[in-house]
Structure formats: C-alpha cells, structure tokens
Amino acid sequence: MAGVSLRKVVKRFGDNEVVHGVDLEIRHNEFVVLVGPSGCGKSTILRMIAGLEEITAGEIAIGDRVINELAPKDRDIAMVFQDYALYPHLTVFKNLSFGLEMQKLPTAEIKDRVEHAARILNITQFLDRKPRQLSGGQRQRVAMGRAIVRRPNVFLFDEPLSNLDAKLRTQMRTEIKKLHQTVQTTVIYVTHDQIEAMTLADRIVVLRDGYIEQIGSPDEVYNRPNSVFVAGFIGAPTMNFVRCRAEGGDGGLALRLADGSALAVSPALQERFGRHRDRELVLGIRPEFFQLVPGGNGAHIAPRIHVVEPLGSDTLFFFDLAGSEVVARMPPLTGLEPGDPLPLAIDMDKTHLFDAETEKAV
Amino acid sequence: MAFAIRKKRTRELLLIWFFLAPSLLIFALYRIIPLLWNGVLSFEFWSPYKPAEFAGLYHYEEMILYDDVFWQSFWNTAVFMASAPIGILFALVIALLVDTPIRGRNVYRTIVFMSYPVMTVAVGIIWQWLYNEDVGLINYILRSLGMSGRGIPFLNSSTYALPAVIVASIWQVVGFYMIILLTGLQNIPQSLYEAASIDGASAWQRFKRITLPLLRPSIFLCFVIGIINSFTNFDLIYVMTDGGPSHATELLVTYIYRVAFKLGQFDYAAALTIVNFAFFVFLAWLANRLSGGEAGAVEST
Amino acid sequence: MLRWSFLLNRYVVTFGTIAVAAALWNLYIAFNDDGIVEGRVVGPSGQPVAGAEVILSERTLLVTEPRQRVTTDEAGTFTITGHRYHRVWLKAVKPEIGASPQTEYRLYFRGANLHLEEPLRLEAGAS
Amino acid sequence: MTRYPKWAIHLGLAIICTLMLIPFYWVLKTSLTGENIFSYPPAILPENPHLFYYVDVWYSIPFFRYLVNSVVVSIIVVVGNVVLNAMAGYALTRDFTGKGSVIMLFLSCMMIPFQVTIIPAYLITKELGLLNSHLGMALPLCSTIVCIFVFKASFDAIPKSLIDAARIDGVPDWMIIFRIMVPLSQSAIATNIILAFIWSWNNFLWPLIIIRDNDMQTLPLGLARFLTVVEDTTGALYAFCIMVLVPGLMIFLLAQKQFIAGLTSGAAKG
C-alpha cells in the first residue's frame, strides 16, 4: 500500500524558487496527472519524487516512509522518460533487465520478469533488437517495460507520449490506461497536454508557476474550474473569455460588455449574477455552449463570422464579441461563409464567472 | 541532511579534480612551465654546466642586431607561410571536382588525401629522391621536355631549395586542405543553390555568391593550419636540406634546434623561442581579428 | 557462432592475415636456414674441377669479407654448411686453371639454403 | 552544381591523382630495382624487380627493434590519451568552481606550440630521468587538448535522461561512466585512438632530441639516420622508406572514416 505524500515541498535552483511549498496527497492505486504549461514545475516535482533532484525543503513520503534522503533505486519507483531514455548500446532485453541486474536478482527471475513484461506489452519479438531498430511506439513500450519489470509501488511518467505522432499517441494513451488497470499501482503522470490529463487521470493537478492551481477529478476541473487559468488550460478549443459588468436592477439585470452592448440574463439566473453587480468580471463561455437561434434560454447575439473551420463532426466559427476573439463549436453547418451573420444564443446557465482582478472563479 | 549533501558534494569535487589532475600535470610539465622557463632563460647566460647569470636583453640585442641567420630564418618562415594560399587554391579546385556527384569520388578523395598521414620524414626522403640531380624524376622530365640541359641540383641550390621544399610540403598537406574544404562544401545546403538557380544566378555567380562566402570559415581554417605548419615543419627541412645550403631553407624552428642542440647555446635558443612565440601569438591575434572571431565557426563539421 | 562473429571485422582480418603470414614465413625459415650452399665448379670447357677452392664472402651494405672456404671433391661439387648471411659472394679458384668471377647471390633470409643451378665456371688467366 | 561533362571531371581528377601518386610510385620502384646513377635516362618501369633490398634493410639495421619501439610508444600514447582525455573530458561536463578557468587554461595551452617549449621540456625530461626511454617519448603526447574537447562534446551529447534512467536503475555513479557513457562515446574514442596513433607514429623532433641510444630509436629516427649512413642510391633506403610507410598507410586505409572525422573535428576545434 503506497500512496505518495508531498508536504510543503520546495525546490530552489540557486536563488530561483520554482516549486513553492506544494502539498499533495496521492492515494494508493490512484492515477494522478500533473498538468500545466512548460515551466510550471510539474517535471521538477516528478524528478524530486524520483530522487533525481534534491528536495530543498519539505518532505516527500512514499507509503509511510519519508524518502528525501534515499537514492532513486531505493525508493521503489520506476520512471518513463519523455525521450524514452533507452540505452542505445544494449538490446531490448538488456534494457529491461539492466535495473534488475543492478539489484542482483537471480538470472532466472530476471528472465521471468522480462518475459512477463514483454508479454504484457507485446514486445516479445523485439527482445534481441537494439532500440534504434524500433519504431517510436515500440520504443515507448520498451520504456514502459523497463518500468514494469521493477514491480515498483509508484510509476512516474514524464511526458511519455509527447514524442509520438498524433495517432500513436491516442493508441498509447489507451494502452497506458489498460496497463494501469492490469498492473494496479500508483501512477504519477506529467504532461502539458490537457487531453491526456482528462482521459487518463483519476485526479488532475493543475500547476502554474510552481503553485497548485486546482486539484480535482477531470469532471471537476472541466466543469468547475477554479480560475481563468484552469478554465483556459483545460478544454479544446479553449474557453472564450469576455470582460463584462453585471448592471441593472433586479429583474432587469444584464451583462454589459466592453463595446457597450448587453447580454440579457434570464430571470432564473438573476440571482446568481446579481451577487456580483457592479464588479469587473470575466465571463467564460465554452465553445460548445453556443446554440443556433432560435432556442435556448440564453442571451442572443448575432456577430459576423470571421473564419470557418470545418472539423467534420463539428464546425468552428470564429467571430468577434466585444473586442474578444470568440470561437463557437456548432454541428456541421453548410452554407455559412465568412462575413455572414451568425445568430447565436449563449447558454448562460453553463457559463463561468471570474473576478477580473484576481481571475478566480466567483 | 545538509551535511550529507555536502559530503556527497566533496566526494564529487575530489573525483573531478582527480580526473583533471593527470592532464593538467602533463600540460604544466610540457607547456606552461617550459614557456615560463624559456622566458627566464632568455634573460640569462646559462649552459648546462654553468650557474646562471643575468644577461638582460643581451640575447635579444644579439639576435636582432647581429644575427643574419635569425633574420634569414625569419623571412624563410614568412615565405613558407605565404605559400599556403597556393596549396589552398589547389585544394579548392580538387575539392570542387570531388564534390561533384561522380562515380569513384571516394577513391579519388582517398588518393589525394593519402599523402597526409604519411610520416613527414618519409615525405622528405621521397622528395629528396625526386629532386635528385642526376636520376631524379623531376630533372628527367625537365630534360626530356628540353627545359634544361643539365640536371638542376634543386636542394643544393640557394635559389631553388626553398621553393623545392615548399612544393614537397604542399604535396603533403594539400589532401588535408581538400578534406576540410570538402567538409565545408558538403555543409552548404543544396537548397541555397537551387534557390539561386531559380533566381537566375549563373554557375560562376553561384560560386562567388554562395560557395565562397559560406566556405570562408573552412578556407580560414586552412590558412591557420598553413601558418601552424610553417612554424612546425621541422621534419621535412631536417631530412631534405637540414636548413642548407647556407641557411637558404632555415626556418625558425630548425634554427632553434640547431642553436640549442647542435651548438649547445640553450640561453640564446630560449630567446629565439620567445621571439618565435611572440610572432605566433601576433599572427593568431591577427587572424582572429581578420576573421571576426570566426576561428571556431566550423564546429558543425 | 554468434559469439565470435564480432571478430570478423576488417581490422582483425587484416592484422590476423599479416600475423598468419609472418608465422608461416618464420616456419619456412626455420626449416630452410641451415646455411647450406651446394654447387659445382667446372673448368673453361665445362669439365668438373676437383680440388678447387670455393670462397664464400659476406656482403653487407658497406663491406665484403671472406668468411668460409671449402674445396671441391672429385666430381667438382662442394657443400658449404652453416653460413649465417643473406647476401653472399662466391668465387672458385684453382691456381692451375684460373678463377671464376665473383658472383653475388642474394637470399631472402639469413642462412638460407642455396643450391646453385649454374656451376661456377673457372676462367683461364683470371685470379 | 556546374554541369561539366563527367569525363572532364574524371580526367581532371585522374591527372591530379597521378600527380599525387607519382612520388609513391617512384620510391616503390626504386625500392624494387635500385637505381644506377650512371644510367640515363632513368627507367620509368621497374626492370628486374626484386625484394632483396628489403632483406638488406631487415638485417643491416635493427628494424624490428625500431618497430617495437615505435609500437610501444604508440601504445602508451594511445592508452594515455584515451584514458586521460576521457577523464578530463568527463570532469569538464560536471559543474564545479574553477571550471571556467580550467577551460581557459586548456584553450591557452593550445596556443603554445610544442616546438616552442622543446628546450625546457628537454631539461625537465632530463631531470625526471626519462631521457632515452619510451615513457619520456610518450609522456608529452599523453593528453591532448583537442581530444579532451572531443570527449567533452561527446559526453555532453548523451541525453541527460539516460543518466537519470541509469540512476533509477540503481547504477552507481562511477559505473555510469563505464556502463553508459563510455560505450556511447565510441566515435570519440575511435577518433582519439587514430589521432594519437598517427601523432606518435610520425613524431620526429621530440624523439630526436631525447633519444641517444641506438636501441631506443623509433622508425622515423631510424629512417633519418639511415639516410645519413648509407648512400642514398642503394635502393635499401627506399625499401626502408616503404617499410616505414606501410603500417601508417594501412591504418589510414582501414580507419579512413574515423581518421577524417577525427582530423576535421580536431582541426575545427584546434
């Protein structure tokens, strides 16, 4: 039973603090994804857990063992690297067995474990090859195999899919998920790709500039983002943000936009918006929560289309809303072209409100 | 915890310096200390069996005001250096030919380059034989072509000896220049030529506007090697002419050797060495200035 | 099989071949360096000459020095054994008849056995 | 780029190659036939070629002894170079105070040509009692700055994650060097071996200065001495010349790729 606990973990490189007292409790068997833009400290945290970076302050425990001082090999972890980090001069078999040899396991057991891992990952036929004779996806499997054979308590993944092309990435994503179900361990997975985070995670940890911005299930971070940052980071195409003010009396409340136009607020929502009357706000609208008029209880707008991007299953329309570039995702429509007016209703029920100053959800 | 880290750090530092120590020792023994020692020696009267005595600038005065051989070897070194462009030009032509996509270019390249790794002493002996007054191949060809009635004793003539040695030296080094230029040529992206062709540049214009400018670091590198060569080309001279006849082929380096190890005047030789080094550093500085610090620009090779 | 295949690179093959050749050559030398010179001495008209003195000289790059002398038997044949040279001169002399010209024989190694195909031919008047 | 007819290029290259090869040919021919000073014109093709000049050389000088000396010195130099340069190159990939000064020191040492230091270097070697010894000949060449930087570049090119992976696999630091970094720096090692071999094999001035014993002569020394001892028209000299050339050329032809790569990388940085 090994969860991972981070308590007030700080990392400084010289005078430069990159991780500011992070607290994080990861349960046994949980699949946690650390996500954030580059430079947010997610890889540093992972490397501190692995023992590749020293922990400046705070402590990290795996199970009930504080591992700050332990060498990587004694931490009962395994790690999959972004560039796979396969030893180019060793065969696949040797790559898998290298760590076990270092642990001085008996040869027979090593062979057993390697073959078992190879079977799980379907790489048995490549065991005699050198890494450079393998395709990207195969190398990725070997890298995972090297982690599996160690039978660790905690799996660490450092952006393992970012070197693969789009199609393979989707496929490997599924395999990692399956693997987690087969091998039943705690997984900490670092990525900058929010789709990976959404699809894989039991819990997502959104990081920004060395702070945890939000922790929650995929559903939570998607539907109840804490801040403009999280809202903008999770979801593609990204959420639209429009600055506004709630103005007018009870019953006649409207959101006044920067260009002076107003979005009517339906009576049912008067109370929710009314609380923030006369404050600078940011209205967040996900692209999918636009509807073609007529219909819906939302506010109505009729902007002119700038750009049309048909995706097949959907079509994206880009237009200008009170000085902000806004994108709406619609069912595939034909006949509309740039310059045409697009009569839309905004599903105000599904919108998010943020304080313009603090960028936190209100 | 901090203690453990510091201990680990100390161990690492020990390892680093332990790894550096042998190389540093060798460089100290054979480069740094000798250079300083030379500096000291050049201001002293000294021989292996005499205690040192301060000499001031005596040796330098002697050298610059009275020593004709020093000046002769100085000019010979300069001439040697000035001959580098000839070799580079040859090498450029060969490199351009070898760079064309023809069959067997690797064979050609190997043959042209083959004279470089040959021991310089052997090169000297080979060329001495070619220059032989009576049965040397060169004299035979000259006579067959009717260009000279009698054999020319190339290496014994004060007119021909230096050019003759220079030819041998170019023969040896031209393959090396060629390899450097060829590497430079192959690093020029083909797309540049294609773009220039589309812009309507003629072959000559492409050569002038693309090849030459982009090859400049390589050509510069060849010059540097040529300069270093003229300072260090001891073996060839020693074997072919031993500086003769009457110092016609004396270079600074052979003169230093002669003064130190044949005449036993270590102190005077040290002064010569210091002047030689100053000359070298000056040239290196000049070269760096002229190239705008491009000396390392061929890194990508 | 696979274990040793790494030995099949050009360096091993080249140097291996040289080593084998050198070993074979030395083996050949070991069996043929008894320093035996066999030959015949004939007179101006081709008849075998008995009792002629055959002088073997060593020739180095710098000097020539007489090293061994033997006398021919009735059939005009002679055998020199145990010479240690790689470049020898042979000369036969019989004062009553004359002397053969000094003939040079170059050998591929020291003390190589030498069997003269052509006899040493004495010429009248020469010494 | 320019479209000259192929035959013209071949012709040009063939002429150049002939010019480059003639000196080799002429010496090879002389070594097989000798040369008669009094016969004119010299024969272009070898007449009655034989190998006896080679036999003469073999017996008239201790050729084998010279060969062994050359080989021993070269081995010391090659081993010294690879080990010491790899160590120094590795040290330079780590961070430590004074790293900048060490690199500056190395770079400025590169500016001091060995020729400039021969006199005190001779005196130092004498003090160390290494005159007339293999080690004395080899020591100055045992570490070369150019190759230190070749190693540093090669180590730097190894992905950091590979080292991390090894640490997670539980490889001790010192073993990472041997199990991971060295096997991945094979081309740097090959470059260094070839360069060090050629440098030491062809080295002339330094042995000339510190070797007095006949027994310690290396091949180039022997060759230069042979030149002064025997008449230069005997053919034996040229046979000796060929015998000295062959090992170097053979190594060059075998390892041409590494050789050229090493020279160009060495030259670019030197």
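**View 1. Chain B against chain D.** Together, chain B and chain D bury about 8,900 Å², with 80% of it on carbon and sulfur atoms; buried area is the accessible area (1.4 Å probe) that two parts lose on being put together, summed over both. Y30(B), M119(B) and W129(B) supply 10% of the area that chain B buries here, more than any other three residues. In this predicted model, local features need pLDDT of at least 70 and side-chain atom pairs pLDDT 80 or more, while totals for chains, interfaces and linings use all residues. Residues are numbered from 1 along each chain as its sequence is written, chains are lettered from A in the order in which they are written, and side-chain values use heavy atoms, leaving out hydrogens and water.

**View 2. A salt bridge between chain B and chain D.** Look for E12(B) and R94(D), whose side chains meet in a salt bridge (2.9 Å, N to O). The term means a side-chain nitrogen of Lys or Arg within 4 Å of a carboxyl oxygen of Asp or Glu.

**View 3. Chain A against chain D.** Here 22 residues of chain A are in contact with 17 residues of chain D, contact meaning heavy atoms within 4.5 Å.

**View 4. Salt bridges between chain A and chain D.** The rule finds 2 salt bridges across this interface. One of them joins the side chains of D164(D) and R47(A) (2.7 Å, N to O).
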